[in-house]
Amino acid sequence: MKLSIASASALAASLLFISTPSSAQAAQYYNCANAIGCKLVTTKKAKDDYTATEYPVVMAHGLGGWTKLFGLIDYFYGIPEELMKGGTDVYTTKTSAIHDSEYRGEQLLTQVKTIAALTGKDKVNLLGHSHGGHDIRYVAAVAPEYVASVTAVSSPEQGSKMADWVVNIVKEGSAKDGYAEGEFNVGSKIALALFKFVGNFMEVGSGVPLNQLQEQDGWKAVNALTTDYMTKFNAKFPAAMPTSYCGQPAETKVNGIRYYSFSGIGQITNGFDPSDYLLKLTSLPFDKDDLNDGLVSSCSSRLGYVVRDDYAMNHLDSVNQVLGLTAWGQPNAKELYRSQVNRLKLDEQKSKAQ
């Protein structure tokens, strides 16, 4: 089943009743792999209404991300289905896997407008992981009328020292080879070409038609995660941000939008997960006292109401990857998302009561 904006008006009334399902109603999960529509992934009867928000939950992936890869593996692994158990309608979105924050933010805004038209709801709850945490902030800043809440998960809101290191290595290497400013040496060109290949692969794997592949730009993508880029980004879009690197945000609600964040620390959380060892390597550019999840520090992750920034989870654990191999004996990602969406539901109820 595929929905497009053209059919939205006819279907809005029928979709409306499933946007706030009770335990006896169905919750739906859609893959919005492009700006012109959303494809139904699955429908499930809700077990309860614990996460039955009035507004749909829209999830935004990070750098190199996807929606449901070749129909098999969710980027937010197992999380849409977990939220559906509590009555949540979930929409996973697809922006350029490899590009900068404002470019991706514009793409996400187009999809948010599409989802609003399809559901008949005027607002959505935005959840973004990693680079997706920048994208959702952009949408909330430029089109607040579409946004009920913003939740950033393990997102480098003040940049990542790993990205700083990569950019410096590229610039220094190119300069040593005699390249002019803005040019790259052969090694860097190969790396950027690989970025583009990965980006296009994730597009195809998510279900984006070949004639609709989105632009990929590895250099802009890496720069968008640096502290320099985010200093400028935060000056343009300061809502719910702290005023210092390790400070706490003074505001948690801006323009009627509630802002939240949560993240973790540590890299090797499950010895059977090979990605943990890679995250241990990517943590090396961070200072010893700068607690991080392998790619993002706890200080940089803070936005709005900080639920916690020290969960025992690394950067991929926060989306229940790889394939659910996360820390033993700790709250898993599915529980954290379920708890957060319940928090959003309670916020909606409080707002109605006021």
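Ile-268 is found in the loop between β11 and α9. The model described here is a predicted one. With a relative accessible area of 44%, Ile-268 is partly exposed, because this class covers values between the 20% limit for buried and the 50% limit for exposed residues. When residues up to four places away in sequence are not counted, Ile-268 touches Asp-276, Tyr-277 and Lys-280. Leu-194 is 74 residues from Ile-268 in sequence, and the two C-alpha atoms are 26 Å apart in space.

Gln-267 belongs to the loop that links β11 (257-265) and α9 (274-282). Gln-267 is buried, since its relative accessible area is 12% and the class takes in values under 20%. Once its neighbours within four places in sequence are left aside, the contacts of Gln-267 include Asp-276, Leu-279, Lys-280 and Ser-283. Further contacts of Gln-267 are with Asn-292, Asp-293, Gly-294 and Asn-314.

Two or more lining residues come from each of α5 (161-176), α6 and α9. Of the elements, α9 gives the most to the lining, with 4 residues. By class, the lining of the largest pocket holds 22 nonpolar and 8 polar residues, and no charged ones.

Helix α5 has 16 residues and reaches 22 Å from its first C-alpha to its last, close to the 22 Å expected at 1.5 Å a residue. Met-162, Ala-163, Asp-164, Val-167, Val-170 and Ser-174 are buried in α5. An α-helix has 3.6 residues a turn, so residues three or four places apart point the same way. The buried residues of α5 pack against α6, α7 (218-223), α8 (227-236) and α9.

Helix α6, residues 186-206, has 21 residues, and the distance from its first C-alpha to its last is 30 Å, close to the 30 Å expected at 1.5 Å a residue. Its buried residues are Ser-188, Leu-192, Gly-199, Met-202, Glu-203, Gly-205 and Ser-206. After α6 comes Gly-207, with a positive phi near 105 degrees.

The next stop is a pair of strands. Strands β4 (residues 57-60) and β7 run parallel and are joined by 3 bridges. Met-59 stands opposite Thr-92 in β7. In a regular strand the side chains alternate between the two faces of the sheet. In β7 (residues 90-93), Val-90 and Thr-92 point one way, whereas Tyr-91 and Thr-93 point the other way, and all are buried.

Glu-106 lies in helix α3 (residues 101-119). Its relative accessibility is 38%, and Glu-106 therefore counts as partly exposed. Between the C-alpha atoms of Glu-106 and Cys-38 there are 17 Å, with 68 residues separating the two along the chain.

Backbone geometry marks out several loop residues. Most residues other than glycine have a negative phi, and most peptide bonds are trans. Ala-240, in the loop between α8 and β10 (253-254), has a positive phi near 65 degrees. Because its relative accessibility is 1%, Ala-240 counts as buried. Asn-320 is found in the loop between β12 and α10, and its phi is also positive, near 65 degrees. Asn-320 is buried as well, with a relative accessible area of 5%. The peptide bond from Gln-321 to Val-322 is cis, with omega near 5 degrees. Val-322 lies in the loop between β12 (305-312) and α10 (333-353).

The structure contains 1 cavity of 30 Å³ or more, and about 50 Å³ of space lies in the largest cavity. Its lining is formed by Ala-312, Met-313, Asp-317, Thr-326, Ala-327, Gln-330, Pro-331, Asn-332 and Ala-333. By class, these lining residues divide into 5 nonpolar, 3 polar and 1 charged.

Technical notes
Residues numbered from 1 in each chain as written. Predicted model: local features only at pLDDT ≥ 70, side-chain atom pairs only at ≥ 80, totals over all residues. Heavy atoms only, no water. Expected span 1.5 Å × (residues − 1). Buried < 20%, exposed > 50% of the residue type's maximum accessible area, 1.4 Å probe, protein only. Contact = heavy atoms within 4.5 Å. Pairing = 2+ DSSP bridges. 1 Å grid on protein atoms, 1.4 Å probe; cavity = no way out; pocket = protein on both sides within 12 Å on 5 of 7 lines; lining within 4 Å. Points joined across faces, edges and corners; volume = space filled by probe spheres on them. Nonpolar A, V, L, I, M, F, W, Y, C, P; charged D, E, K, R; others polar.
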